[in-house]
Amino acid sequence: MGANKLRKQVELEKKKRRIIFFTFGLLLFIYLSFSLIFGERGFVRYLKLKSTRADLQAETKKVQDENEEIKKQVDILKKDPHAVENFARELGLTKKGEIIFKYEDETEK
C-alpha cells in the first residue's frame, strides 16, 4: 500500500510540473506575441514607420519636382534677356527713367 501511495504522489508531482510548464509556456507565448505586435520593434510600430516613410518619400518627390521647376526657370532667365525683363516687371522693378502708373478699378472697391 505504501508503494501505491508513493506512485500517486509521483503522478501528482508530474501533473503539477506539466501544469507549471504549460502555464509558463503559455505566459511566455503571450509575452512574446504581445512584444512582437506592440513592442518597440513590433508590428504596429513597423506599420507606423512604413506610413511615415511613404509620407517622407512623397514629400521628397514634391521637393525634387519643385527644384527641377526652379532649375528650368533659372536656365530660362540665364538664356533669355526678355524673360529676365518680364520677371523683373512682375516683381515691380523698372528700367532707369521709367515711371509706373497703377490704376485702381472703381468696381473692385
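Two rings of Phe, Tyr or Trp (its six-membered ring) form a pair if their centres lie within 6.5 Å. With that in hand, let's work through this predicted model.

**Exercise 1.** Find how many aromatic pairs the whole structure holds, and classify the pair of Phe-34 and Phe-38 as stacked, edge-to-face or tilted.

*Solution.* A search of the whole structure gives two aromatic pairs. For Phe-34 and Phe-38, start with the ring centres, which lie 5.2 Å apart; this falls within the 6.5 Å cut-off. Next, take the planes, which meet at 45°. Stacked needs under 30 degrees and edge-to-face over 60, so the pair is tilted. Now place the residues: they are four apart in helix H1, so about one helical turn separates Phe-34 from Phe-38. Finally, both Phe-34 and Phe-38 are exposed.

**Exercise 2.** Locate Gly-42 and decide whether Gly-42 is buried or exposed.

*Solution.* Gly-42 sits in the loop that links helix H1 (2-38) to helix H2 (43-79). The relative accessible area of Gly-42 is 4%; buried means under 20%, so Gly-42 is buried. Leaving aside residues up to four places away in sequence, Gly-42 touches Ser-35, Leu-36 and Ile-37.

**Exercise 3.** Describe how H2 and helix H3 (residues 81-90) cross, and which residues meet there.

*Solution.* First, the geometry: the two axes come within 5 Å and cross at roughly 115°, and H2 and H3 are therefore roughly perpendicular. Then the residues: Ile-76, Leu-77 and Lys-79 of H2 meet Pro-81, Ala-83, Val-84 and Phe-87 of H3. Sorted by class, this contact has six nonpolar residues, one charged and no polar ones.

Notes:
Residues numbered from 1 in each chain as written. Predicted model: local features only at pLDDT ≥ 70, side-chain atom pairs only at ≥ 80, totals over all residues. Heavy atoms only, no water. Helix = DSSP H or I, 4+ residues; strand = E, 2+ residues; numbered from the N terminus. Buried < 20%, exposed > 50% of the residue type's maximum accessible area, 1.4 Å probe, protein only. Contact = heavy atoms within 4.5 Å. Axes fitted to C-alpha atoms, helices over the stretch in contact; angles between N-to-C directions. Parallel < 35°, antiparallel > 145°, perpendicular 65-115°, else oblique. Nonpolar A, V, L, I, M, F, W, Y, C, P; charged D, E, K, R; others polar.
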